[in-house]
Amino acid sequence: VELLKQPQYVPMDVVDQVIQIFAGTQGFLDDVPLTEVEPFSKELLEYFSGPAFSLRQELASKQAFSDDLKAKFVQAIRDFKAARAARENVAPTPAR
């Protein structure tokens with residue numbers, strides 16, 4: 001439910017909604033704490049507006065998930081989660 005919340009008067013693009021719902025239904029948010037769903041979702045959409053933009057465009061043009069496109073999205077979301085986890089687990093640089 002947290003994934004589906006949108007601010008009032010700020011409609012979300014349908015492709016972005018599909019990406020979020022896909023990530024949720026494929027279990028990619030199962031290990032994301034409830035308080036982190038919104039930031040995770042926002043960062044995921046930024047990822048598909050940046051490094052994975054070509055996949056977003058492909059989904060927008062095809063308007064459906066083929067088996068091949070689904071596999072590409074699964075891998076892209078895995079890559080996103082790995083990069084996000086690496087960013088969050090970086091140990092602070094010791095003070096000198």
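## The model and its overall fold

This is a predicted model, in which local features need pLDDT of at least 70 and side-chain atom pairs count only at pLDDT 80 or more, while totals for chains, interfaces and linings use all residues. Residues are numbered from 1 along each chain as its sequence is written, and side-chain values use heavy atoms, with hydrogens and water left out.

The protein has four helices and zero strands, giving the pattern α-α-α-α along the sequence. Helices (H or I, at least four residues) and strands (E, at least two) are DSSP runs, numbered from the N terminus. Along the principal axes, the C-alpha atoms fill a box of roughly 55 × 35 × 25 Å. Contact means heavy atoms within 4.5 Å. Among contacts between residues at least 6 apart in sequence, 63% join residues at least 24 apart.

Buried means under 20% relative accessible area, exposed over 50%, and partly exposed in between (1.4 Å probe, protein chains only). Of the 96 residues in the protein, 31% are buried. In soluble globular proteins, nonpolar side chains tend to be buried together. A nonpolar core is a set of buried Ala, Val, Leu, Ile, Met, Phe, Trp, Tyr and Cys residues joined through side-chain atoms within 4.5 Å.

The largest nonpolar core here has 23 residues, and those touching the most other members are Ile19, Leu29, Leu44, Phe48, Phe73 and Ile77. Helix 1 (14–25), helix 2 (37–49), helix 3 (53–62) and helix 4 (67–88) are the elements that give two or more residues to this core. Take Leu29 as an example: leaving aside neighbours within four places in sequence, Leu29 is in contact with Leu3, Ala23, Gly24, Val37 and Phe40.

Which residues of helix 3 are buried? They are Leu55, Arg56, Glu58 and Leu59. These residues cover an arc of only 160° around the axis, which puts them on the same side of helix 3; the arc is that of the directions from the helix axis to the C-beta atoms. An α-helix has 3.6 residues a turn, so residues three or four places apart point the same way. The buried residues of helix 3 pack against helix 1, helix 2 and helix 4, whereas Ser54 and Ser61 are exposed on the other side of helix 3.

Not counting residues up to four places away in sequence, Glu58 touches Leu69 and Lys72.

Most residues other than glycine have a negative phi, and most peptide bonds are trans. Now we return to Tyr9, a residue other than glycine whose phi is positive, near 65°. Tyr9 is exposed, with a relative accessible area of 73%.

Gln63 is not a glycine either, yet has a positive phi of about 55°. Where is the place of Gln63? Gln63 lies in the loop between helix 3 and helix 4, just after helix 3. Is Gln63 buried or exposed? Gln63 is exposed, with a relative accessible area of 70%.
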